[in-house]
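Visitor: I would like to go through this model term by term and hear what each description rests on. Could you set each value beside its definition as we go?

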Amino acid sequence: MYEADLRATAGRTMAGRVGAGANTRLPELYRTMRRIRTFEERVGELFVRGQSAGSMLHLSIGEESAAAGVCAHLRDGDSFTTHHRGHGIFLARGADPARMMAEIGGKEAGYCHGKGGSMHIADMGLGHLGANAIVGGGIPAVVGAGLSARHHKTGAVSVAFFGDGATGQGILYESMNMAALWGLPCVFVCINNQYGMGTNIAQATANPNLHERAAAFGLAAETVDGLDVEAVAEAAERLVEGARAGKPAFLAVSCYRFYGHARKDKSPYRDPVEEEAGRRQDPVAFARAALIDRGLESESELDRLDGEIGAEMDATIDFTVAQTEPPLASMFRDVYAPEEPEPEPVRARIDRVLARD
Amino acid sequence: MALQELTYRDALRKALADAMTENPDVVILGEEVGRYGGAYGVTKDLIKEFGAERVIDTPISEPAIVGAAVGAAMTGLRPVAELMYVDFIGMTMDQLANQAAKIRYMFGGQIGVPMVLRTQGGTGRSAGAQHSQSLEAYVMHTPGLRLAMPATVADAYHLLRMALTKPDPVVFIEHKALYTMKETVDLDAEPLAWGKAAVRREGRDLVIVTYSRQLHYCLEAARQLSARGVEATVIDIRTLNPLDFDTIRAHVERTGRAMVVSEGVMTAGVAAELSARITEECFDFLEDPVVRVAGEDIPISVSTALEAGSVPGPQLIADTALRMLAGRVPA
């Protein structure tokens, strides 16, 4: 079924949008997506260079439109959680790529001082309540953030980003039900890259029309083609602003995971023909072509922009390689609040047991 | 100052009401906490006093109740999530152990999760295998979670009030058999600090370390022992994390004998941990092996006879102490 979708969209052009006007956000959306794409490519390089602390690196190449399109409508004070494939979302929300890369490298200079890594990166300053290595694990936090926004009348929205794999988890339905029941400012964004690890969505559910599930709970719910970042952004604007006004929402963004589940996964379970077609669903290339077609940017301007972004992201690798590991003593820090005693190291406990007066 | 007679349930309710009055960010969420008033009546009428936006009735969705509390705590609320029975904690373990307990650490100290998870456990109501367990070991085994288990009316009040000021997630496990227990208390009196064990009785012959409902069985056993000429010290640890081992150590070193009493099953339980620590750290002072008196390694039956037989009682505690002190006690 998805292959049929691919064929249907393969020949699409942006003709319908030609002359869409100077108000278009496309240049900015393109820039965000290009930064994500390039960052993710550099994450792969960090891994190849043996500088990544985490063996579990999940790249969002092919899924950039979901991050860029939705985050374009988030404001200061809004919050979000992500899944394990969340680099792009954080970057789209304004993260410093050098501190991100340092965190992925397990370095002291990273967002979480090297304790979180790729899958547990967070930044309270940008409202990032945390990436999550448990499928669906970050979803209910947005219900709590929604309760806080209602209680403090902040007008903030909280967005849970997750993959199609998380639609198999009960906590998604519990959370959507609560958000709908209480009219909370929550948005559930399912980045449907067709695969939960090695399992295609068609092998995981009899009804892949995921938005229908959310609609059944009473949420405003849509599916959008992730090839077209402007379409994602338009849908996100409707749904995020609706949520802000008390109508929680669900958005499924259809896209294709260009590479394996994690860095070492070569996707032997995927048909090469399918992969090739999937990689033609490239939101970055699609937006680039549209910018040129519509006369919004010239090819040379875009080449220059891409080059600048490449240099910016190269610098994140250099920065990360130059950073130090966290000091060993920091291991006992932040288990509890700073004013609380740190847990006693095992070695100290053994010393005490074996001490003889 | 003002002595009053309160039940354990009243004290818990008063702690919630006082905290909610003092701090407008305290909210309660859970199943049946509002209109129903709580399965054991602890939140009775709080919804009338504080409204449905602060006393939030939820669907039957334990994982999302705890998960929503995590998100609320990270964004400026002081949530009290209620889990009707501790037996349901397995449903919530991802949100509790993978999220609440680790968020401060994983995120490099950027933020804590100042929430309280109130629940209740234990035997005593013939509630069967899925509503009678003592699962505190699950919590104590997870770094990042604080754990309080009040045994007295005063502690029901004070430990809950203190839990609601703590910067880290606190699991607060009440005992279902204690809700109707009455004591005359002065809640204005300075409470024992959070994290300090209470020495409920002092005696020269052995130390009994316990918590929650078993405290009362240990005190009953201590009265029986006293009549036989054996004087027991009874320590109520009150908070299992943080654990006040210094108080335990001081009394074990003084008496040379220790028994640990817990309603949870014996194997790999709280009693096992306390026993290991006493053995390791007080080895040179011990006259006898540290003895665990704990729940049987079996599920709890609905039969009242089997239920009562599944957990320690005053007789087993007293008998065990007498055997430890055999030879020193007149037959």
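Guide: Let us begin with one strand.

Visitor: What makes strand 4 (residues 78–83) of chain B largely enclosed by the rest of the structure?

Guide: Six of the six residues of strand 4 of chain B are buried, so the strand is largely enclosed by the rest of the structure; buried means under 20% relative accessible area, exposed over 50% and partly exposed in between, with a 1.4 Å probe and protein chains only. A strand here is a DSSP run of E of at least two residues, a helix one of H or I of at least four, and both are numbered from the N terminus. This is a predicted model, in which local features need pLDDT of at least 70 and side-chain atom pairs count only at pLDDT 80 or more, whereas totals for chains, interfaces and linings use all residues. Residues are numbered from 1 along each chain as its sequence is written, chains are lettered from A and ligands numbered from 1 in the order in which they are written, and side-chain values use heavy atoms, with hydrogens and water left out.

Visitor: Which residues of strand 4 of chain B point one way, and which the other way?

Guide: Arg78(B), Val80(B) and Glu82(B) point one way, while Pro79(B), Ala81(B) and Leu83(B) point the other way, and all are buried. In a regular strand the side chains alternate between the two faces of the sheet.

Visitor: How do you know that strand 2 (residues 26–30) of chain B pairs with strand 4 of chain B?

Guide: Two strands pair if DSSP finds at least two bridges between them, and strand 2 and strand 4 of chain B are joined in the parallel sense over five bridges; within this pairing, Val80(B) is the bridge partner of Ile28(B). Four bridges join strand 4 of chain B to strand 5 (residues 116–121) of chain B, and these two strands run parallel. Here Leu83(B) stands opposite Thr119(B) of strand 5 of chain B.

Visitor: In what order do the seven strands of the open sheet of chain B lie, and which are its edge strands?

Guide: The order is 3-2-4-5-7-6-12, with mixed pairing, and the edge strands are strand 3 (55–57) and strand 12 (239–241) of chain B, each of which pairs on one side only.

Visitor: Where is His251(B), and why is it called buried or exposed?

Guide: His251(B) lies in helix 9 (residues 245–255) of chain B, and its relative accessible area of 12% means that it is buried. Leaving aside neighbours within four places in sequence, His251(B) is in contact (heavy atoms within 4.5 Å) with Val199(B), Glu202(B), Val207(B), Thr233(B) and Ile235(B). Two of these residues face each other, for Thr233(B) in strand 11 of chain B is the bridge partner of Val207(B). Strand 10 (residues 206–210) and strand 11 (residues 232–236) of chain B pair in the parallel sense over five bridges.

Visitor: What is known of Arg34(A), and why does it count as buried or exposed?

Guide: Arg34(A) is placed in helix 2 (residues 26–48) of chain A, and at 16% relative accessibility it counts as buried. Not counting residues up to four places away in sequence, Arg34(A) touches Val284(A), Arg288(A), Asp306(A) and Ile309(A). Arg34(A) and Arg288(A) are 254 residues apart in sequence and 9.3 Å apart in space, C-alpha to C-alpha.

Visitor: What makes helix 13 (residues 346–354) of chain A and helix 10 of chain B oblique to each other?

Guide: These helices pack at an angle of about 55°, with their axes 8 Å apart, and they are therefore oblique to each other. Arg349(A), Arg352(A) and Val353(A) make the contact from helix 13 of chain A, and Glu273(B), Arg277(B), Glu280(B) and Glu281(B) from helix 10 of chain B.

How values were computed. Axes fitted to C-alpha atoms, helices over the stretch in contact; angles between N-to-C directions. Parallel < 35°, antiparallel > 145°, perpendicular 65-115°, else oblique.
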